[in-house]
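Thank you all for making time this morning.

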Amino acid sequence: MGKSVHGFSKLSKHEKINWLVTTFFNDDEKIKKVIQQYWNTNKVLQYLHDDFIENTISNFYIPFAIAPNFLINGKEYTIPMTIEESSVVAAASLVAKFWRTRGGFSAKVISTKKVGQVHFMYKGNKEELKNYFNSKKEDFYKVTENITKNMRKRGGGILDIELRDKTKELANYYQIHVTFETMDSMGANFINSCLEAIANEFKKPDIQIVMSILSNYVPECLVHAEVSCKVEDLYAENSEELAQKFVQAVQIANAEPHRAVTHNKGIMNGIDAVVIATGNDFRAIEAGAHAYASRSGKYKSLTNASIENGIFKFWIEIPLALGTVGGLTKLHPLSKLSLELLENPSAKELMEIIAVAGLAQNFAALRALTTTGIQKGHMKMHLTNIIKQLGASEEEKAFLIDYFEHKTVTHNAVVEAYKKLAKDK
Ligand code: HMG
């Protein structure tokens, strides 16, 4: 109980930190320093970040990187990536270079529909409900007119409003299922405002509205990206055999959920990194992607691969509800910069770029897994992290990087090499 607090949100940032340090760290001043060393000296920028969320006490940095050399639909891109895991950006960059000399990536948005639902309970006669819904349908458009006005001007708005009977799944449960086009915005606020207005209009004593909310499952906000080349152009040696192994790796992910989850995690390494860099909501993207991977009733790979008539083809199909306006996209200076780096893409173009980032990541992982194994490249990239943990100087770091150039990196091997270096000095 000594750790509970009332009115915490009303305290100033300093007071919050004092409470934290007193309550959990025995008034250790060092803790304050750890927290404060991440404050930005630019106060305007710090205030901006403070206000993104609540009870902010510091900033948590995630590296911001760029992966050059992507060729997508004939256009060159340098892709911004925000991620804490080593080797992801290197892998993306490597794969971008690889496919650039083989025609690059092609990508196409299949559809851009988003969904929101008013969930309600109703115990009465089904026909009466249907009639009531039909009598209200025009009013739903009318009561949302003010909200949808600007979106309609841009070419979006409400596409469809349906009554759905879900009583087989849950007794007395129905939905008003609404389909939206939100153009360049992710549209969460727009969708939720429309839904709440619709729910309000649908009120009736025998209808119990439970909630009105957008769905992050957007199987009709879908993008396809692919690469292809002659099998012989895929590997320097044993191309036929290695290409087959690559395809088998995808087939295994389709057959075995344990593998599919890791396979898709690798895809999300690339996707989340660009989603975060561009100020989009990676939790929404993650939830939607994994639901899509399970759409057959079994969790499967989000990518596919084939070899037909000597041509290797590798592709991804993934739902991505993204925005290039609204939310943090233009508010966070680095998201704004990311979008500028991508030449201010439309939401559709961003869907294509991000699907490619996911495909590239999966290509890198599968190619490594089916040839050298993942650890070689991963540990090569992780080497600098281990060196830092050991507290090595710049000179020692340079020596160790050089030493491991042609050796397998393991944590132990680095520790041993470092110890030996210290002893030899
Ligand atoms: P390499 O062939 O040793 O690299 O690959 P290299 O040193 O010969 O350099 C070639 C190019 O790679 C460079 O060209 C860069 O594009 C890139 P350059 O810039 O010199 O013209 N590159 C780098 N870019 C930036 N910084 C670097 C860097 N090093 C190379 N330091 C590499 C090394 C790690 C890229 C390769 O081994 C690889 O792609 N491995 C796969 C790594 C991977 O997939 N990591 C994801 C994390 S593991 C995971 O969580 C997912 C997983 O479980 C998913 C699954 O199971 O499916 C694996």
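Predicted model: local features only at pLDDT ≥ 70, side-chain atom pairs only at ≥ 80, totals over all residues.

Residues are numbered from 1 along each chain as its sequence is written, and side-chain values use heavy atoms, with hydrogens and water left out.

The chain has 15 helices and ten strands, where helices (H or I, at least four residues) and strands (E, at least two) are DSSP runs, numbered from the N terminus. Its C-alpha trace spans about 85 × 70 × 40 Å along the principal axes. Of the 425 residues, 44% are buried, buried meaning under 20% relative accessible area with a 1.4 Å probe and protein chains only. If we take the contacts (heavy atoms within 4.5 Å) between residues at least 6 apart in sequence, 69% of them join residues at least 24 apart.

Let me turn to the sheet that contains β9. This is an open sheet of four strands, in the order β3-β8-β10-β9 and with antiparallel pairing, two strands being paired if DSSP finds at least two bridges between them. Because β3 (106-112) and β9 (303-308) stand at the edges with a single partner strand each, one side of each is left without a neighbour in the sheet. On average, and ignoring direction, neighbouring strands here are turned by 20° against each other; the axes are lines fitted to C-alpha atoms, for helices over the stretch in contact, and angles run from 0 to 180 degrees between N-to-C directions. The partner of β9 is β10 (residues 311-319), joined to β9 by six antiparallel bridges, and one of the pairs sets Glu-308 against Ile-311.

Helix α9 (residues 257-277) packs on this sheet, touching β9 and β10, and its direction makes about 75° with that of β10. Which residues does Met-268 contact, beyond its neighbours within four places in sequence? Met-268, which is found in helix α9, is in contact with Ala-273, Ile-285, Glu-286, Ala-289, His-290, Leu-302 and Ile-318. Met-268 is buried, with a relative accessible area of 3%.

Elsewhere, strand β4 (residues 114-122) has eight of its nine residues buried, so β4 is largely enclosed by the rest of the structure. Eight antiparallel bridges join β4 to β6 (residues 173-181), with Gly-116 opposite Val-178. The pairing of β4 with β7 (residues 207-215) is likewise antiparallel and runs over eight bridges, and there Gln-117 has Ile-213 as its bridge partner.

Finally, the ligand. It is surrounded by 23 residues, the closest being Ser-87, Lys-97, Arg-259, Lys-265 and Lys-380, where a residue counts if one of its heavy atoms lies within 4 Å. A ligand oxygen atom is 2.6 Å from an N or O atom in the side chain of Lys-97, and a ligand oxygen is 3.0 Å from an N or O atom in the side chain of Glu-85. For Leu-94, a polar backbone atom is 3.5 Å from an oxygen atom of the ligand. The protein covers 65% of the 1100 Å² of accessible area that the ligand has on its own, as computed by the Shrake-Rupley method with a 1.4 Å probe.

Conventions
Polar contact = N/O pair within 3.5 Å; in protein donor to acceptor, adjacent residues only side chain to side chain. Buried < 20%, exposed > 50% of the residue type's maximum accessible area, 1.4 Å probe, protein only.
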